[in-house]
Amino acid sequence: MSYAPRKITMDGNEYVLVTDSDPAKSVDGLLYCIIRADRAGVFAGYVESYEGQTYIVRNARRLWYWSGAASCSELSQKGVKKPKECKFPASVPRQRIHGVIECLEATDTARKSIEGVGVWEA
């Protein structure tokens, strides 16, 4: 599942998306994304499927508090700069997230950064 075409054809010419980002490694062909829900907060994980504003996410990790990224957009591209100050609980194998209002494809740099943050426990 991809949210934006990587190649398009116009007037018989094929154009390929060029970007400075490094797309995150997929798991079973699933995209690693940052997902923002209306009332549930922000999550990172592999989008398995979605219908309307309900997403099924594998290896879902709630991003409760982060430091070193100004927004979800920056988080999806660069990850966090201060991992020891972040509060990310352990991931869950599969989660249904309702009220999704934003889904951003993440880079591999961001994925590694998020996965590198230690598990926060209260």
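Is Lys-81 buried or exposed? Hold on to that one for a moment, everyone, and hello. What you see above is a predicted model. Now to the lysine: at 58% relative accessibility, Lys-81 counts as exposed, because exposed means over 50%. Its side chain meets that of Glu-74 in a salt bridge, 3.4 Å from N to O.

Let's go to the sheet next. Five strands form an open sheet, and if you walk across, the order is E6-E5-E4-E3-E7, with antiparallel pairing. Strand E6, residues 92–97, and strand E7, residues 100–105, stand at the edges with a single partner strand each, so one side of each has no neighbour in the sheet. On average, neighbouring strands here are turned by 45° against each other, if we ignore direction. For those new to sheets: strands pair through backbone hydrogen bonds, and the pairing can be parallel or antiparallel.

Let me zoom in on strand E3. It covers residues 31–37 and pairs with E4, residues 41–51, in the antiparallel sense over seven bridges. A hairpin of three residues joins E3 to E4.

The buried residues of H2 are Asp-108, Ala-110, Arg-111, Ser-113 and Ile-114, and what covers them includes E3, E4, E5 and H1.

Speaking of H1, please look for Ser-76, which lies in that helix, residues 72–78. At 2% relative accessibility Ser-76 counts as buried, since the cut-off is under 20%. Leaving aside residues up to four places away in sequence, Ser-76 touches Ile-34, Leu-104, Glu-105, Ala-106, Thr-107 and Ala-110.

Now for charges. Side chains of opposite charge can pair when their charged atoms come close. The structure holds nine salt bridges. One of them joins the side chains of Arg-58 and Asp-28, at 2.8 Å from N to O. This pair links distant parts of the chain, 30 residues apart: Arg-58 sits in strand E5, while Asp-28 is in the loop between strand E2 (13–16) and E3. Arg-58 is partly exposed at 27% relative accessibility, whereas Asp-28 is exposed at 66%.

Another salt bridge, at 3.5 Å from N to O, brings together the side chains of Asp-108 and Lys-112. They are four residues apart in helix H2, so about one helical turn separates them. Asp-108 counts as buried at 13% relative accessibility, but Lys-112 is exposed at 52%. Salt bridges with shared partners also join Asp-28, Glu-48, Arg-58 and Arg-94 into one network.

Last stop, the surface. Ile-8, Met-10 and Tyr-15 form a nonpolar patch there, with about 280 Å² of accessible area together. Ile-8 lies in strand E1, residues 7–10, and is partly exposed at 37%.

Definitions and conventions. Residues numbered from 1 in each chain as written. Predicted model: local features only at pLDDT ≥ 70, side-chain atom pairs only at ≥ 80, totals over all residues. Heavy atoms only, no water. Helix = DSSP H or I, 4+ residues; strand = E, 2+ residues; numbered from the N terminus. Buried < 20%, exposed > 50% of the residue type's maximum accessible area, 1.4 Å probe, protein only. Contact = heavy atoms within 4.5 Å. Pairing = 2+ DSSP bridges. Axes fitted to C-alpha atoms, helices over the stretch in contact; angles between N-to-C directions. Patch = residues over 30% accessible without salt bridge, like charges linked within 9 Å, V, L, I, M, F, W, Y side chains within 5 Å. Areas by Shrake-Rupley, 256 points an atom, 1.4 Å probe, with all protein chains shown as cover. Salt bridge = Lys/Arg side-chain N within 4 Å of Asp/Glu carboxyl O.
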